[in-house]
Amino acid sequence: IQGVVNYLKNHSFPAYQPEAIQYFPEVSRGVPDMLKAIDAAKTYIFFESFIIKEGEMWSRLLEVLEKKAKEGVEVRLAYDAYGCINLPLGFSQKLREKGIKCRAINKIPLLLNFNINNRSHVKLTIVDGEVAFVMEGNIGDEYINKTQPYGHWKDGIMMLRGAPVNSIVAIFLKLWHFGEDLDTEQIFENEKYFKKPEKPASMAPSDNNSSGLVVPFYCWPSAAEPIYENVYLQLLNSAKKEVVFVAPYYIPSDRFLDACVMVAKKGISVSLITPATYNSVGAKLLTRRFFPQLLAAGVNIYEYTPGFIHCKSMLVDSVCGVFGTANMDYRSFYSAFEAGVVLANPEAVAQLAADYTHTIQQSHKVTIEDCTSGPLIVVGTMLLTLIIAVF
């Protein structure tokens, strides 16, 4: 964990001791606490989501945001322009009329270009710089299982209090000002959004005091290196006993796939939890394309049978891990804005580990026979392999 802490510190992501941390294994369990925190806001609320769908979940959120805006609390809501393309015309204007500052991140250009692929996949809620919620899921009724088009939808929420919230505020402000000609100092010039930590943010923890730390961070398309993927790889290569991934889409780069295979071949237990039911046939075929190679290396693969698992996290040796918004695929690691939290906090790690155990108990362990049966799997995998080989 120390290597990852130092790596992120060099990218200006400091490590903190949180005042409190809690993992909610279901969005429906975390939303009441999030709404309660929003309702208690005194100065400001920052909220961002990749997708917002109208329905019960959005109505509950909008009601409390509108209430706080009327009370004089500064409310900012950011959303990805493409992820929310189905929102009705005038959505932003109606929010502004309610006193809510609203911004679509990376608006879709009239003439399509490569920048349209640089989506903001971040999902955050921040209240008064004191409490933050990092969400794996979006805003929509399927995320709280009011509707179930793909069976039970499983996502988590991580709540943080205290000094780590400063980094999450910084992430939100950078995305809020995306596309503007401002330097970092101009973006952060208003100090009212930041709380002074009890310990200096620049303090680098030693090997003896890294336990309990969390490191919020993010990645962006123009970065010189794939920060999120590098964090995963460093933790993966540090494993001594066990690695567990949870990923709705496992479509790795060559180096990520090679690392998973090599770690498993060293005799370290590597497990991957994926959905049994997907929200995309293409994603299912692409993910399952890697199963034979992973199984041959000794990787344990589990498919979550109740429905679609949308969680995005990792644990190593039950002592450290990552929780956040990034899928294990090219889009998240190389093309999108993503936010995550490196965890060396025993409480959070224990909560994640308990959820992993429960999830595996609800899952089917994949065999090599599962990957070679069925015409859709065989033909689809052949076609996708051909497309990848040609292009």
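What follows is a set of questions and answers on the labels used for this structure.

Q: What should I know about the model before we start?
A: This is a predicted model, in which local features need pLDDT of at least 70, side-chain atom pairs count only at pLDDT 80 or more, and totals for chains, interfaces and linings use all residues. Residues are numbered from 1 along each chain as its sequence is written, and side-chain values use heavy atoms, with hydrogens and water left out.

Q: Why is Ser 253 called buried?
A: Buried means under 20% relative accessible area, exposed means over 50%, and partly exposed is in between (1.4 Å probe, protein chains only). Ser 253 has 7% relative accessibility, so it counts as buried. Its place is the loop between β11 (250–251) and α8 (254–265); helices here are DSSP runs of H or I with at least four residues, strands are runs of E with at least two, and both are numbered from the N terminus.

Q: What makes the pair Ser 253 and Glu 229 a polar contact?
A: A polar contact is a pair of N or O atoms within 3.5 Å; within protein, one must be able to donate a hydrogen and the other to accept it, and residues adjacent in sequence count only if both atoms are side-chain atoms. The side chains of Ser 253 and Glu 229 are joined at 2.5 Å. Setting aside neighbours within four places in sequence, Ser 253 is in contact (heavy atoms within 4.5 Å) with Glu 229, Tyr 330 and Tyr 334.

Q: How do you know that the length of helix α3 agrees with its number of residues?
A: The expected span of a helix is 1.5 Å times one less than its number of residues. For the 15 residues of α3 (residues 56–70) that gives 21 Å, and the end C-alpha atoms are 21 Å apart, so the two agree.

Q: Which residues of α3 are buried, and what do they pack against?
A: The buried residues of α3 are Met 57, Trp 58, Leu 61, Leu 62, Val 64, Leu 65, Lys 68 and Ala 69. They pack against α2 (27–39), β2 (44–49), β3 (74–80) and α4 (91–97). Just after this helix, Gly 72 takes a positive phi of about 95°.

Q: What makes Lys 67 and Asp 39 a salt bridge?
A: A salt bridge is a side-chain nitrogen of Lys or Arg within 4 Å of a carboxyl oxygen of Asp or Glu. The closest N and O atoms of Lys 67 and Asp 39 are 2.7 Å apart, so the pair meets the definition. This pair links distant parts of the chain, with Lys 67 in helix α3 and Asp 39 in helix α2, 28 residues apart. Lys 67 has a relative accessible area of 37%, so it is partly exposed; at 34%, Asp 39 is partly exposed as well.

Q: Why is it said that Glu 66 and Lys 98 tie parts of the chain together?
A: Glu 66 forms a salt bridge with Lys 98, the closest N and O atoms being 3.5 Å apart. Glu 66 lies in helix α3 and Lys 98 in the loop between α4 and β4 (101–105), so the pair ties together parts that are 32 residues apart in sequence.

Q: Is Lys 192 buried or exposed, and what about its partner Glu 74?
A: Lys 192 has 51% relative accessibility, so it counts as exposed, whereas Glu 74 is buried at 13%. Their salt bridge has its closest N and O atoms 3.6 Å apart. Glu 74, Arg 76, Lys 101 and Lys 192 are linked in a network of salt bridges, and the count for the structure comes to 14 salt bridges.

Q: How many disulfides are there?
A: A disulfide is a pair of cysteine sulfur atoms within 2.5 Å, and a search of the whole structure finds zero. Cys 260, at 1% relative accessibility, counts as buried, and Cys 320 is buried at 4%.

Q: Why is strand β10 described as largely enclosed?
A: Four of the five residues of β10 (residues 242–246) are buried, so the rest of the structure largely encloses the strand.

Q: What makes β10 and β12 a pair?
A: Two strands pair if DSSP finds at least two bridges between them. β10 and β12 (residues 269–275) have five bridges in the parallel sense, with Val 244 opposite Ser 271. β10 also runs antiparallel to β15 (residues 313–316), joined by four bridges, and there Val 246 has Ser 313 as its bridge partner.
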